[in-house]
Amino acid sequence: MPVFDIFEHPEFIAGCISCYNNEKVISSVPISKVEFDSYQIIPKSGGCYIHFLSNARNIKLNYRISAFLGGYFPHIGITAQRGISYSYRLLDNGFWRNYDCTQSKTDDNEVVINLNNVIPKDAYYEFMIFLPVNCFITGFSVSVSDDAQIKPYLKSENSKKALFLGGVSTYGVGINTTQFLLSNLIARRHADFEIQNVSFNTYSYWKYIERYSKGENSIVLTDYVFLELSFHDTDKQIYIQNLKSLLEFYIANSNAKVILWIIPSIDKAVADYVNATEELIASENISSRVKLCKSLLLDSERQADMYTYSKNYANDYGNVFIMQEIDKILR
Amino acid sequence: MEYLNKITDKAKSIDENQYKWINVFDFPEIIYGFPFVSMGNYTGFQKYNDNPRKEIEELYPDLIKQYNNFSSQSSGGFLKFKTASKKIVIKCELKRKYDYMKMTLWNSSGFDVYEVKNGKYIHKTVFAPKSGKSIFCNRFAHDPEAEALIFLPNYNEILNLYIGSEDDIVPVSSVNRPAIAFYGNSITQGCAASRSGNCFANIVSRSLDNEVYNFSMSSCCKGLLSIADMIGMLNLRALIIDFSRNAESLEELEKNYLPFYKRIRKYHSNIPVILLTTSNFTEHRIFSRFDNVIIGTYNYAKENNHNTFLIDQMNLIEKDCYDLCSVDGCHYNEMGMYRVADEIVRIIKEAEQSNPLK
């Protein structure tokens with residue numbers, strides 16, 4: 001039975017292997033690039049996924065989690081915090097389906113996935129396994145039967161690099177399972193994107209994303225930057241200064257298109273900030289490089305009820321809505 | 001939020017003496033969603049009479065533990081009252097301390113607060129204790145001009161519940177409208193909504209400004225005739241049935257589904273009954289066969305001129321969005337919950353226009 005230790009086969013990973021507490025971990029950014037602040041805040045395995053093609057009828061996963069960040073997260077499903085979730089798509093124009101998810105009650109976990117009732121005989125499919133947001137993955141192996149095939153999903157030469165920068169929403173606050181992390185939703189809709197999720201579990205994330213961006217040489221190669229705009233208790237002038245500084249950096253140092261998005265909101269104060277953002281883009285004459293998802297401003301309380309918990313957090317459907325609006329710009 | 005060791009402990013973060021306190025269990029006039037409480041038959045948040053337990057013990061003894069757990073959970077229940085107080089304090093003891101898979105704590109253990117003004121529902125806040133805690137005290141702001149409506153946890157049992165306010169708590173005089181009942185599985189109980197107010201039963205409740213009885217039970221929803229008899233005792237506006245996924249086999253569903261429906265019709269010959277096909281967004285082959293049983297029951301109903309409707313859940317979601325509406329191919333996030341709720345509301349309104357109840 002072929003067993004792939006993913007740590008020996010990083011070609012299966014969308015993410016990177018780095019070192020935390022003397023252990024190899026899968027993380028969305030190299031730990032050394034974000035060691036400047038607390039574990040509570042830094043990106044972990046969230047935004048990373050295992051991606052492969054196979055025709056296996058059964059898949060066995062063995063994985064280990066470590067450094068689980070406990071605490072008060074009533075707005076992140078336990079499955080998203082420390083479990084894995086997985087989705088499949090039949091090749092030949094199949095659509096993505098969410099198959100299931102796990103909770104990881106212990107640190108060492110085994111999952112056997114039986115696809116007999118959903119995959120036609122001999123059919124090939126694409127498979128994504130999304131990793132948890134509040135801990136690291138420190139061990140991961142995939143096993144299939146001897147007569148099955150499995151190989152990593154390799155991006156094409158023309159694949160686009162997509163960088164997600166943000167705070168709590170990009171990090172995963174608000175989601176039930178990791179299938180609904182915004183960067184993972186975009187990953188399913190644009191499987192050829194090379195995605196990196198650089199998000200910080202704090203409302204005061206600007207200084208961290210700016211620090212990360214300016215310290216990271218590979219930024220210049222990115223094709224898209226998806227930037228979370230959050231106005232939580234931020235003075236409008238300070239917000240505009242932060243945004244202007246970051247946009248100037250990306251425009252000067254990359255060819256990336258920057259797509260700005262907000263948590264869907266009915267709040268007039270949020271609309272005020274969005275209008276100020278629009279004015280900045282116009283006054284700096286950067287609209288060819290910077291797009292704003294203004295359609296995320298909502299019309300009704302009913303929409304706010306559907307998409308959000310409050311003005312601070314989008315739920316799964318809110319992330320779907322954000323993805324769909326971003327997708328309109330991408331397409 | 002402040003965590004307590006015992007429900008009788010005094011909170012340290014607020015001066016409890018500044019508030020008037022009621023024990024909610026002594027105040028059934030503000031409790032909605034628990035028909036036997038308002039009949040005065042039971043204390044606490046009891047949704048069922050004794051007979052379903054006896055039937056589960058006899059027919060499905062392996063499920064008695066799940067039945068005992070899920071049947072006492074407060075899904076579908078809410079508190080509704082008026083007060084001139086600008087602050088409300090909830091002091092609560094829940095049974096379960098920990099998260100459920102596929103759900104946030106704001107759903108499984110969440111108190112989801114709305115304000116109702118001129119028939120309009122405005123969401124205010126949601127709160128739940130953190131993982132590992134079950135006894136807490138939480139204060140939130142309230143608009144004295146509005147009615148407070150608090151949806152109760154979908155996946156937890158309330159052992160004790162007190163409300164503190166600066167002024168009297170007064171029951172709301174509502175329009176006397178029969179409740180809408182739901183009988184389903186974990187999805188209908190509310191699994192995978194982001195917060196407790198957003199399961200589709202509660203969305204229907206808000207949309208129609210109507211009390212709901214949510215008799216749904218994760219994993220134990222078998223079409224028990226004792227539950228049909230219990231539902232038969234109640235004055236209802238409509239009934240929604242959604243329980244195919246808990247059947248162990250096609251044979252079991254064939255044995256239970258139509259007899260359950262017929263027993264309901266023995267008591268409720270005229271109310272709209274809405275049958276839901278299986279939520280099956282991984283297109284699992286077995287559930288397509290289950291749906292034949294449900295469609296067969298619907299056809300039987302139409303042949304007998306019943307006021308019965310069918311919702312094919314798969315038709316509510318576009319094929320390229322199956323991975324966007326549920327966390328695992330069946331348990332809905334808000335996308336699925338709202339689509340189902342909107343269709344239920346549409347059918348109830350249409351049914352009542354064309355067949356007004358006497």
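The second largest pocket has 23 lining residues, and nearest its centre are Gly15(A), Lys161(A), Glu194(A), Ile195(A) and Gln196(A). Two or more lining residues come from each of strand S2 (13-14), strand S13 (161-166) and strand S14 (194-199) of chain A. A pocket here is an open set of points on a 1 Å grid over the protein atoms alone, where a 1.4 Å probe fits, with protein on both sides within 12 Å along at least five of seven lines; lining residues have an atom within 4 Å of a point. Strands are DSSP runs of E, at least two residues, and helices are runs of H or I, at least four, numbered from the N terminus.

This is a predicted model: local features need pLDDT of at least 70, side-chain atom pairs count only at pLDDT 80 or more, and totals for chains, interfaces and linings use all residues. Residues are numbered from 1 along each chain as its sequence is written, chains are lettered from A and ligands numbered from 1 in the order in which they are written, and side-chain values use heavy atoms, leaving out hydrogens and water.

Next, Asn307(B). It sits in the loop between helix H9 (285-303) and strand S16 (308-311) of chain B. A polar atom of its side chain lies 3.0 Å from the backbone oxygen of Asn270(B).

Last, the interface. Contact (heavy atoms within 4.5 Å) involves 42 residues from chain A and 43 residues from chain B.

Methods:
A polar contact is a pair of N or O atoms within 3.5 Å; within protein, one must be able to donate a hydrogen and the other to accept it, and residues adjacent in sequence count only if both atoms are side-chain atoms.
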